[in-house]
Amino acid sequence: MDTPPANDTRARADALHREATACVATRDLETAAARYREAATLGHPGAQLELARMRLHGIDGPADAAEAVHWLQHAEAGGHPGAAYLLALVALGGTALPRDARINTRMMQAVQHRLPPALRAVAIHFGRKPDPADQTRCLQLLQAAADGGDVVAAQLLAERLARGEGCPVQLESAEALWAQLDPLGVPRLPSIEAPVPAQPQATPGTLTLEDALSPPPTVSLATSPRVGRVEALLSADECRLLVASAHPQLRRSMTVDPVTGAAVDHPIRSSSDASFDPLHEDFALRLVQLRIARAAGMELVNAEQLIVLRYAPGQEYRPHRDYLPPSTLAADHPAAGNRRRTICVYLNAVDEGGATAFPRAGLSVSPVPGQAVVFDNLDASGEADPESLHAGEPVVAGEKWLATLWLRERAYRAF
Ligand SMILES: O=C(O)CCC(=O)C(=O)O
Ligand SMILES: [Fe+2]
């Protein structure tokens, strides 16, 4: 008896998908993309999703977010929960898809499918809401994500249980989680306390991810250079998320040599740092960055990769300016223009030292967890402004964790 053609097609698409996945493993990304594309055209939702990821991040040629959305919509129609999640993630940026209520419905679908990055993101979102029932939701979702193998969610949950955030203190449960994380080489997070941010429009029990679009207002601190402070920008969970995500990737910070454009190890900057490749950004990390960019009055597409810095005692970032010299600019997205603005978010309280100093303005901003300092690197006419000189003063005691977004004049990212 003949096999029905539909089964033939499915078997062929499955074979192509397997072949593509094997090519990814051997780093033959060009062939992988070609095979994913063939399987996607035959209606394979998994291949449609992988091809979309490649198109989003420009892995097999220039990024094309519109094409990625096209394949994701097919994969979503084919019932792939990962596609709903990725469509929500893309929509959050507001460039390739509108920022509308479908972000919330798609994330709820992904949560119902127990997708760990969706559980983690929605947990952190509910954790920003003061209502006790939302705090309980946050803990339940972190637990579900941790049960699904999400190490970062387990770290966040342990911190909340140990401190009694949204629940009574449960030290034994926290210890049990830490005992599971320890053999995996997962370090304990620094002590981070930040108030639950005030969210006037927060509706208890509902997912309102668009809250990310309204960061708290900026308080002006200086006019030359223009410096401002944004209070309660990130919650404690969000600060911990950034630290936990950065920790495994920390390396010695590098400085750009103004003549050669090469990254060099220089005493001007003695911290360690990690930068987040957009390829590995999950929804929670993107949501946080989106709010940070908007707190700086800009959009995330203008942002270079997020950097998380860790300063140990004695480490510092000596006086410098963030705008790029022509040689560096020429090698890294020149069409995006220079670094117009910088926003740094303090992720923990430093025992002593570690303030951000602006010597030309006679200003020094002390680290407060969840709070940001934002400043202009270019003057009103778009020229590099020498007044923007600033420094991360040496940490004297404790450690300092900081997240920095450097924002270009025009779009730097694909979506
Ligand atoms: O550590 C600080 O306070 C400043 C960091 C900084 O200047 C930067 O990340 O560009
Ligand atoms: Fe800087």
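Let's start with the sheet. Eight strands form an open sheet in the order β1-β2-β13-β9-β16-β7-β6-β3, with antiparallel pairing. Its edge strands are β1 (218-223) and β3, and each pairs on one side only. Here, two strands pair if DSSP finds at least two bridges between them. Strands (E, at least two residues) and helices (H or I, at least four) are DSSP runs, numbered from the N terminus.

A word on the source. This is a predicted model: local features need pLDDT of at least 70, side-chain atom pairs count only at pLDDT 80 or more, and totals for chains, interfaces and linings use all residues. Residues are numbered from 1 along each chain as its sequence is written, while chains are lettered from A and ligands numbered from 1 in the order in which they are written.

Now, what packs on the sheet? Helix α11 (residues 236-246) does, touching β6, β7 and β16. The direction of α11 makes about 85° with that of β7. Helix α12 (residues 283-295) packs there too. It touches β1, β2 (226-230), β9, β13 (372-376) and β16, and its direction makes about 65° with that of β16. Contact means C-beta atoms, placed from the backbone, within 7 Å. Axes are lines fitted to C-alpha atoms, for helices over the stretch in contact, and angles run from 0 to 180 degrees between N-to-C directions.

Next, the β3 end. β3 (residues 251-252) and β6 (residues 272-275) run antiparallel, joined by two bridges. Arginine 252 has serine 272 of β6 as its bridge partner. β6 also pairs with β7 (residues 307-311), antiparallel, over four bridges. In that pair, aspartate 273 stands opposite leucine 309, and serine 275 is bridged to isoleucine 307.

On to a helix pair. The axes of α2 (residues 29-41) and α3 (residues 45-57) come within 8 Å and cross at roughly 135°. So α2 and α3 are oblique to each other. Oblique is what remains after roughly parallel (under 35 degrees), roughly antiparallel (over 145) and roughly perpendicular (65 to 115). α2 contributes Ala33, Tyr36, Arg37, Ala39 and Ala40 to the contact, and α3 contributes Ala47, Gln48, Glu50, Leu51 and Met54.

Last, the ligand. Which residues surround ligand 1? They are Tyr317, Asp322, Thr342, Cys344, Thr356, His390, Gly392, Leu402 and Thr404. Near means a C-beta atom, placed from the backbone, within 6 Å. β9 (339-346), β14 (390-392) and β16 (400-408) each give two or more residues to this shell.

Technical notes. Two residues are in contact if their C-beta atoms, placed from the backbone, lie within 7 Å.
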